[in-house]
Amino acid sequence: MVVRLSRRLLLGGAVASVAPAIWTSAGAQGRLAADPFRVGVASGEPLPDGVVLWTRLVTNPQAMDAGMAPAPVAVRWEVAEDPGLTRIVRRGEETARANTGHAVHVEVSGLKPDREYWYRFSTGGHASAIGRTRTAPEPGADVQRLRIAYSSCQKWEAGYYAAHRHLAADNPDLVLFLGDYIYEKKLSREPEGIVRPHPDVDCLDLASYRQRYAWYKADPDLQAAHAAAPWIVTWDDHEVSNDYGGAADRTPLTRDLFLKRRAAAYQAYWENMPLRRSSRPKGPDMPLYRSLDWGRLARLAVLDDRQYRDGRTCMSVEDGKRIPYDCPERLDPKRSILGGAQERWLQGRLSDTKARWNFLGQQTLLGELRLEEGKVSNDGWDGYPATRRKILETWRDAEVANPIALGGDVHCFFAGDLSLDRKGPVIGTEFVGGSISSLGRANKSLAGAMLVNPHLKFADGEARGYGRVDLTPKACTVTFRGVNGLDKGSAARDLATFVVEDGRAGVTRA
Ligand SMILES: [Fe+2]
């Protein structure tokens, strides 16, 4: 295993059959024989005066080279005030280059705050789909409403993306994607777990991560969700490697080889997401945590709980995933899931906020989840309780208005109250899930966990789907929207709706 992983990393070898390139133009100006917009368009990172527009030139999403010759390609873009693109307000040209996977990131500025725009790319006689985006309100603006749709975990082989189709139809102002955008692994060894296959390889080098993104992004429902609204993204583990943290994962790779793998994975992530140039990775490092303000209505702090976390601990038990609740190393007050710099940054964002609602967009369940046998998982916040305590204490001591955590990762919907040591006053509220397609747990198996975790007020592990947050100055209404992930054409239904009233933390069923 080690030898194979190492060779692949060092040689950057191809991992699947290579389709012939069908790109006909060697230059920037020629006509292209095939549509290069096969993975759609996206926008993200809205500011009051601008937004990032994204596309990636791919003529064959299944090919290792995306069907692209190495030559640079000039790509035109335009932004309009209307869906028919008749009132163009900005236009320009970018060069898509092979060294960034022919991705295009346009940082548009000079737009008006708090309004919708539509955009399109074109090159070589082809035009992309038209995407809708919007800018954020001005700082201090008196905003009356905001709709955020959030989700995570879209394992390709496990199901379809009906959830994305419904999410797009809900017409959100923002989409928040909380990680596991791709899964890096080979196909499941149980054929019945494979609803639709992808190449049966582990992603280990830049070419294979790039191919996995193109493979996922060929899905029309995912493209519809990207074209519907600006996205704010963060990653979890599977954008790199299962359960990785800092400079180590669960494979036998040495630190140096793992960091090479991480660098390839981060590069492919940046190329495939509507992120700013300021997030572009340098080797194995990529700045991703950041915050977004929506007038005076909301502040969203987006965390990176993978890149800077301390290593796993209390590993002597079972498979090392479940650790004893009272393991002393777990409780070490210096242990961090965010790292010192990000913790200090977050303290600042929480201390100087003037927003009525303060969201944490982060990877997983923030509250404690004691497992039936008196153990906890070491991969999420339960492996790093000191950082969780600092956040809750800051919420309490800085009197942060209406703190709400949004999470993903666990492939279940959870709604829960957040308080220090599971007792005392409720300080914050959290809403987790669901997964777009990744398989969850039978609700019967969650019943025991609910009994020993009474701060969790709702759980559903059987439906796939997303959360919809409707915000006004008076209330935050969260609806869990469920689909059948095995059914491409699945309808969506409301699983549960909760209301958090201004000034009253905690889960209340509507
Ligand atoms: Fe996941």
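## Salt-bridge tour

Arginine 299 is buried, at 9% relative accessible area. Select this residue first in the predicted model. Aspartate 293 is partly exposed, with a relative accessible area of 33%.

Next, select Arg147, Asp170, Arg468, Asp470, Arg481 and Asp494 together. Salt bridges with shared partners tie these residues into one network.

Move on to arginine 132 and glutamate 116. Their side chains form a salt bridge, 2.6 Å from N to O. Color the two strands to see what this pair links. Arginine 132 belongs to strand 8 (residues 131-134), and glutamate 116 to strand 6 (residues 116-123). The two residues are 16 residues apart, so the cartoon shows a link between distant parts of the chain. Is arginine 132 buried or exposed? Arginine 132 is buried because its relative accessible area, 10%, falls under the 20% cut-off. Glutamate 116 is partly exposed at 29%.

Now select arginine 87 and glutamate 81. What joins arginine 87 to glutamate 81? A salt bridge does, with the closest N and O atoms 3.4 Å apart. Here the arginine is partly exposed, at 46% relative accessibility. Glutamate 81 is buried, with a relative accessible area of 16%.

Last stop: zoom out to the whole structure. How many salt bridges does a search of the whole structure find? The search finds 47. Side chains of opposite charge can pair when their charged atoms come close.

Methods
Residues numbered from 1 in each chain as written. Predicted model: local features only at pLDDT ≥ 70, side-chain atom pairs only at ≥ 80, totals over all residues. Heavy atoms only, no water. Salt bridge = Lys/Arg side-chain N within 4 Å of Asp/Glu carboxyl O. Buried < 20%, exposed > 50% of the residue type's maximum accessible area, 1.4 Å probe, protein only. Helix = DSSP H or I, 4+ residues; strand = E, 2+ residues; numbered from the N terminus.
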